[in-house]
Amino acid sequence: MQNSPFIRSFRIYKMEDRANIQCWNHLMPLLAVGLENGKIQIFSVLHEAPIMSYNAHQGRITDLKWSSTGLFLASASEDGFIKIWSVP
């Protein structure tokens, strides 16, 4: 029998809207989630809770990407804008 590659799951209880896209920060235990309502929520994977929320765009979030340093997050939306966020 082969071992499963599954590591861990957790339920996000405080999601402000329906999730459209997510992006894992490979340097810090953070997960960015882009929502249908144009918001971005940053979740602590260690605490299984949201730690930041941005009213980011006027349209649905279509893409998220962390910088190579893990300190910046780029977001794109159906509103036609790409934005860069500094994440402390």
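## Overview of the model

The structure is a predicted model, and what follows describes the features computed from it. The chain contains 7 strands and 0 helices, so that its pattern, read along the sequence, is β-β-β-β-β-β-β. Of the 88 residues in the chain, 35% are buried.

The chain exposes about 6000 Å², of which carbon and sulfur atoms supply 55%. Among the contacts in the chain with a separation of 6 or more, 31% are accounted for by residues 24 or more positions apart.

An open sheet is built from 4 strands, which have the order 1-2-3-4 and pair in an antiparallel manner. Its edge strands are strand 1, covering residues 19-25, and strand 4, covering residues 49-55, and each of these pairs on one side only. From one strand to the next, the twist averages 20°.

Strand 1 pairs with strand 2, which covers residues 30-35, in the antiparallel sense over 6 bridges, and a hairpin of 4 residues joins strand 1 to strand 2. Within this pairing, Trp24 stands opposite Leu31 of strand 2, while Ala19 stands opposite Leu35 of strand 2. Strand 2 also pairs with strand 3, again in the antiparallel sense, over 5 bridges, and here Leu31 stands opposite Phe43 of strand 3. The hairpin of strand 2 and strand 3 has 3 residues between the strands, and in that hairpin Gly38 takes a positive phi near 90°.

## Strand 2 and Leu35

Why can strand 2 be described as largely enclosed by the rest of the structure? The reason is that 6 of the 6 residues of strand 2 are buried. The side chains are divided between two directions: Leu30, Ala32 and Gly34 point one way from strand 2, whereas Leu31, Val33 and Leu35 point the other way, and all are buried.

Leu35, the residue of the opening question, lies in strand 2. Not counting residues up to four places away in sequence, Leu35 touches Met15, Glu16, Asp17, Arg18, Ala19, Asn20, Gln41, Arg60 and Ile61. Leu35 and Gln22 are 13 residues apart in sequence, and their C-alpha atoms are 8.9 Å apart in space.

Ser44 has its place in strand 3, which covers residues 39-44. With a relative accessible area of 7%, Ser44 is buried, and, leaving aside residues up to four places away in sequence, it touches Pro29, Leu30, Ala49 and Ile51.

Glu48 lies in the loop between strand 3 and strand 4. Although Glu48 is not a glycine, it has a positive phi of about 55°. At 36% relative accessibility, Glu48 counts as partly exposed.

How many salt bridges does a search of the whole structure find? The search finds 1 salt bridge, and it is formed by Arg60 with Glu78, whose closest N and O atoms are 2.7 Å apart. The pair links distant parts of the chain, 18 residues apart, with Arg60 in the loop between strand 4 and strand 5 (61-66) and Glu78 in the loop between strand 6 (72-77) and strand 7.

The two partners can also be described by their accessibility. Arg60 is partly exposed, with a relative accessible area of 26%, whereas Glu78 is exposed, with a relative accessible area of 52%. Arg60 is also one of the residues that Leu35 touches.

Which residues make the nonpolar surface patch of about 430 Å²? The patch is made by Leu71, Phe72, Ile82 and Ile84. Of these residues, Ile82 is found in strand 7, which covers residues 82-86, and Ile82 is exposed, with a relative accessible area of 65%.

Conventions
Residues numbered from 1 in each chain as written. Predicted model: local features only at pLDDT ≥ 70, side-chain atom pairs only at ≥ 80, totals over all residues. Heavy atoms only, no water. Buried < 20%, exposed > 50% of the residue type's maximum accessible area, 1.4 Å probe, protein only. Contact = heavy atoms within 4.5 Å. Areas by Shrake-Rupley, 256 points an atom, 1.4 Å probe, with all protein chains shown as cover. Pairing = 2+ DSSP bridges. Axes fitted to C-alpha atoms, helices over the stretch in contact; angles between N-to-C directions. Patch = residues over 30% accessible without salt bridge, like charges linked within 9 Å, V, L, I, M, F, W, Y side chains within 5 Å. Salt bridge = Lys/Arg side-chain N within 4 Å of Asp/Glu carboxyl O.
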